[in-house]
Amino acid sequence: ATQRGQVPISQVRVGDFALTRKGFRRVLKVWNNGLRQVETYRIGDMLFTCTPDHHFYTEEYGFLPVGHLMQPTTFCILNPQTNQVCKEKLSCTKVLN
């Protein structure tokens, strides 16, 4: 998430503010990793399309690839009503395409 809302990673620019586990922080650098295979994952009631090795921050384990997050884990997520970062224990499942 950015302060402009959910945007494709290809549209994130230096100077944007992106959501981190410590709230919104300014994007300092962007780079192109080329075209890569992506998969869709459900975390709670949210869908994320990312590479299987994309890392998410968890309270229990620190940064882990999304493919390793199949048990309930505490994520830092954005509460859309308050626009604040909160911690919530959620399950992660791969969505079949």
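Guide: Start with one pair. Glu60 and Lys89 join their side chains in a salt bridge, at 3.0 Å from N to O. The term has a cut-off: a side-chain nitrogen of Lys or Arg lies within 4 Å of a carboxyl oxygen of Asp or Glu.

A word on the model. It is predicted, so local features need pLDDT of at least 70 and side-chain atom pairs count only at pLDDT 80 or more, while totals for chains, interfaces and linings use all residues. Residues are numbered from 1 along each chain as its sequence is written, and side-chain values use heavy atoms, with hydrogens and water left out.

How open are the two partners? Glu60 is partly exposed, because its relative accessible area is 35%. Lys89 has 54% relative accessibility, so Lys89 counts as exposed. The scale is this: buried means under 20% relative accessible area, exposed over 50%, and partly exposed in between (1.4 Å probe, protein chains only).

The structure holds five salt bridges. Another one joins Asp53 and Arg36, whose closest N and O atoms are 2.9 Å apart. This pair also links distant parts of the chain, 17 residues apart. Asp53 lies in the loop between strand E4 (46-50) and strand E5 (55-58). Arg36 lies in the loop between strand E2 (23-26) and strand E3 (39-43). Asp53 is partly exposed because its relative accessibility is 39%. Arg36 is partly exposed too, at 43%.

Next come Glu39 and Lys94. Their side chains form a salt bridge at 3.3 Å, N to O. Here the link runs from strand E3, which holds Glu39, to strand E9 (residues 92-95), which holds Lys94. Lys94 has a relative accessible area of 43%, so Lys94 is partly exposed.

Now the rings. A pair of aromatic rings is described by the distance of the centres and the angle of the planes. Rings of Phe, Tyr and Trp (its six-membered ring) pair if their centres lie within 6.5 Å; planes under 30 degrees apart count as stacked, over 60 as edge-to-face and the rest as tilted. By this rule there are three aromatic pairs. One is Phe48 with Phe56: the centres are 5.4 Å apart and the planes stand at 80 degrees, so the pair is edge-to-face. Tyr57 and Phe63 also pair edge-to-face, at 5.2 Å centre to centre and 65 degrees between the planes. Phe48, Phe56 and Phe75 make up one aromatic cluster. Phe56 is buried because its relative accessibility is 13%. Phe48, at 25%, is partly exposed.

Last, Asp16. Asp16 comes in the segment before strand E1 (17-20). Its relative accessibility is 13%, so Asp16 counts as buried. The side chain of Asp16 reaches the backbone nitrogen of Arg13 at 2.8 Å. Leaving out residues up to four places away in sequence, Asp16 touches Arg4, Gln11, Arg25, Arg26 and Val27. Touching here means contact, with heavy atoms within 4.5 Å.

Notes: Helix = DSSP H or I, 4+ residues; strand = E, 2+ residues; numbered from the N terminus. Polar contact = N/O pair within 3.5 Å; in protein donor to acceptor, adjacent residues only side chain to side chain.
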